[in-house]
Amino acid sequence: MTKLRGLLAGLVLIVLANAAVLAGVAWNRRGEPEAVVTLTERELQLPWDAGSDEDDTGLILRLDWNPRGAAGEATPPALPATTLRELGFRVSPLPGRTEPPRTAWVVLEMEGEAWKRWLAKRRREEDERRRKAGPGDCPPVSDLEQMEVRDSRLVLVDAGLDREALRRRHPDRSRSVVVPGVVASDGVVSELGLESIQVPLRLRPVLDEVMKAEEVRRVRIAGAEDGPRPPRYRANVAFGRRGEPWLVSVERLPSVAPRPALPGGCPPAGDMFR
Amino acid sequence: MTEPLLSKPEAQRRADRIAAFRAELAALEAGGVLVLPQEQRVAVERHHDEALRELAECFDVDVAEGEKRLSVGMWVASFLGATALAFSIFLFFQRFWGLLTTPVQVAILVAAPVVALGLTELAAQRERTGTFASLLGLVTFACFFLDLVMLGRIFNVVPSANALLAWALLGLVIAYAYGLRLPLTAGVICLLLWLAAQPGTWSGMPWDSSLQYPEHYALAGLVVLAVPLVFRHRRRPELEKVYRLVGLIAVLSALLWLSSAWHDSRLPLEPELLKILYQVLGFAAPAGAIAAGLWKRWGDMVYVGATFFVIHLYLRFFDWWFDWMPQYLFFLILGLTAVAALAVLVRLRRALAARRRP
């Protein structure tokens with residue numbers, strides 16, 4: 001290969017590779033989005049060190065999701081056997097060997113039936129525990145408030161290889177998103193194809209304001225307990241034809257008054273790390 | 001006049017032969033064994049001076065030992081410089097990218113490898129040693145790497161193994177255009193990773209999970225090893241070595257991994273059978289590499305094969321004996337094995353030297 005040909009080939013390759021990426025992005029975002037959901041800080045979290053590293057000025061939001069409404073339990077429940085067979089897992093793998101994970105489309109539902117059922121079950125359990133405790137006792141340690149106020153309501157509800165079929169089963173495009181994911185051999189969705197979303201410069205001001213306020217708050221409460229806190233912003237997130245998301249808008253939520261203290265000098269409920 | 005030459009390594013070998021001839025002639029003259037008549041001596045010296053001048057002009061060969069040492073130093077500095085510059089570009093972008101709008105980010109990312117490639121061409125035109133071109137070639141590769149990674153992050157694109165293929169192709173293009181081994185090594189490693197990702201993606205696995213299975217590396221390594229056998233590098237024989245080394249190290253590392261962790265295999269065989277299979281292959285494959293290296297006179301293949309053979313032998317000794325044998329005896333056996341390995345390596349070295357002799 002002569003130097004001139006090499007130079008031309010290199011230039012063509014660089015241009016083609018960039019064009020392929022940008023064409024894929026354009027195709028993903030073309031036309032009406034496949035789904036647009038409104039998420040809050042509960043589902044789109046700022047990294048704990050956001051804004052503190054002056055050598056990295058970029059900002060991402062971490063997509064926090066709940067593996068089938070099983071928070072608080074040791075392991076999330078596995079997908080049904082029929083789904084696993086559809087994904088290509090063998091019913092009885094070789095002894096002592098684990099099957100490799102598989103790619104799949106997974107459905108995440110925002111504050112849907114799965115989430116409400118799970119929350120209701122947790123409340124019933126909590127009421128039962130409170131009834132068992134004596135009237136003068138402090139309420140038992142619980143993570144319920146954390147789950148009600150702070151944890152993600154984006155719940156995994158389904159998985160499969162046929163995206164259209166999944167969309168037919170979960171038609172609400174303002175609540176359900178179909179995104180690429182990875183299913184492990186034990187039937188648990190281990191990760192999503194993308195678990196963070198880039199914040200473009202035009203949507204930064206609201207989040208910069210939140211980060212600044214957080215800095216001030218940390219200085220003020222230095223050393224004090226940090227309990228569950230309501231979300232401080234919400235965002236509209238669109239998902240395109242390839243299931244790749246992008247931020248459409250971000251807005252600040254009104255600040256909420258601090259939680260009332262419990263009577264009798266009890267520590268605040270809902271702090272999991274007490 | 002020099003005979004027609006094809007590549008810089010051949011030119012360097014000719015310069016080395018002239019230097020060796022001169023040194024030997026001086027030794028023979030000092031010992032009174034051979035004294036050339038003044039006329040012949042001057043003619044030979046003039047002929048060699050002319051040949052060296054042409055070689056230095058056309059191929060920038062090192063005509064003295066000091067120059068060779070400097071060349072090695074330049075190569076190391078070029079590698080370190082390229083690595084540091086690549087980090088600097090990455091950190092610079094990370095430092096400011098949050099302050100830029102998306103179109104500006106994209107423009108910078110696309111422009112960076114294009115500008116770096118232009119600078120590589122400029123360096124190759126202006127300087128014959130290729131040291132600066134090598135440095136800038138690697139910087140181009142790093143800029144292109146950064147370009148695709150950051151574009152993926154900016155637009156939330158699900159990572160794909162195809163980026164590895166794009167990086168591999170650019171590494172190969174730069175390497176073949178300018179005859180550079182460092183960009184070729186980077187390109188061939190990316191090609192190996194892309195190939196290793198394929199068996200998994202064909203069977204429905206995520207591409208990055210495919211990279212957790214050693215057999216995929218072994219297959220990819222075999223393909224990389226076969227490249228110089230299928231595409232002969234007559235004009236640039238020095239580049240074949242990169243494929244041989246990367247491919248062989250991938251195959252032997254995968255077998256070494258499997259000989260200890262056979263449950264990571266994807267073959268549908270009983271665990272006991274897999275254990276035997278990979279422990280046998282762990283010895284057979286390096287031995288095969290040594291034999292092939294001796295046959296084809298590829299010293300690098302012999303040394304890599306011997307190294308993996310010894311590592312595999314030590315690992316098996318540890319597995320088989322460490323628990324039940326007194327420790328002094330275990331280390332005595334290791335020591336004696338090292339002595340035996342040394343003796344074998346000395347013989348291999350002699351055999352290689354004998355095969356190289358015309």
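Mentor: Gladly! Let's start with handedness: a crossing is left-handed if the near helix is turned anticlockwise from the far one by less than a right angle. In this predicted model, the crossing of α1(A) and α6(B) is left-handed.

Trainee: Which residues make that contact between α1(A) and α6(B)?

Mentor: From α1(A) come A:Lys3, A:Gly6, A:Leu7, A:Ala9, A:Gly10, A:Leu13, A:Ile14 and A:Ala17. On the α6(B) side they are B:Ala166, B:Leu169, B:Leu170, B:Val173, B:Ala177 and B:Tyr178.

Trainee: What makes up this contact by class?

Mentor: Eleven residues are nonpolar, two are polar and one is charged.

Trainee: Why is α1(A) called roughly antiparallel to α6(B)?

Mentor: Helix α1 (residues 3-29) of chain A and helix α6 (residues 162-178) of chain B pack at about 165°, their axes 8 Å apart. Angles over 145 degrees count as roughly antiparallel, so α1(A) is roughly antiparallel to α6(B).

Trainee: How many helices and strands does chain B have?

Mentor: Chain B has 13 helices and zero strands. Its C-alpha atoms fill a box of roughly 75 × 65 × 40 Å along the principal axes.

Trainee: And what lines the second largest pocket?

Mentor: That pocket, with a volume of about 1400 Å³, is lined by 44 residues. B:Val157, B:Val158, B:Pro159, B:Ser160 and B:Trp207 lie nearest its centre. By class, the lining has 28 nonpolar, ten polar and six charged residues.

Notes:
Residues are numbered from 1 along each chain as its sequence is written. Chains are lettered from A and ligands numbered from 1 in the order in which they are written. This is a predicted model: local features need pLDDT of at least 70, side-chain atom pairs count only at pLDDT 80 or more; totals for chains, interfaces and linings use all residues. Side-chain values use heavy atoms; hydrogens and water are left out. Axes are lines fitted to C-alpha atoms, for helices over the stretch in contact, and angles run from 0 to 180 degrees between N-to-C directions. Helices (H or I, at least four residues) and strands (E, at least two) are DSSP runs, numbered from the N terminus. Angles under 35 degrees count as roughly parallel, over 145 as roughly antiparallel, 65 to 115 as roughly perpendicular and the rest as oblique. Contact means heavy atoms within 4.5 Å. Ala, Val, Leu, Ile, Met, Phe, Trp, Tyr, Cys and Pro count as nonpolar, Asp, Glu, Lys and Arg as charged, and the others, Gly among them, as polar. On a 1 Å grid over the protein atoms alone, a cavity is a set of points where a 1.4 Å probe fits but cannot get out, and a pocket is an open set with protein on both sides within 12 Å along at least five of seven lines; lining residues have an atom within 4 Å of a point. Grid points are joined across faces, edges and corners, and a volume is the space filled by probe spheres set on the points.
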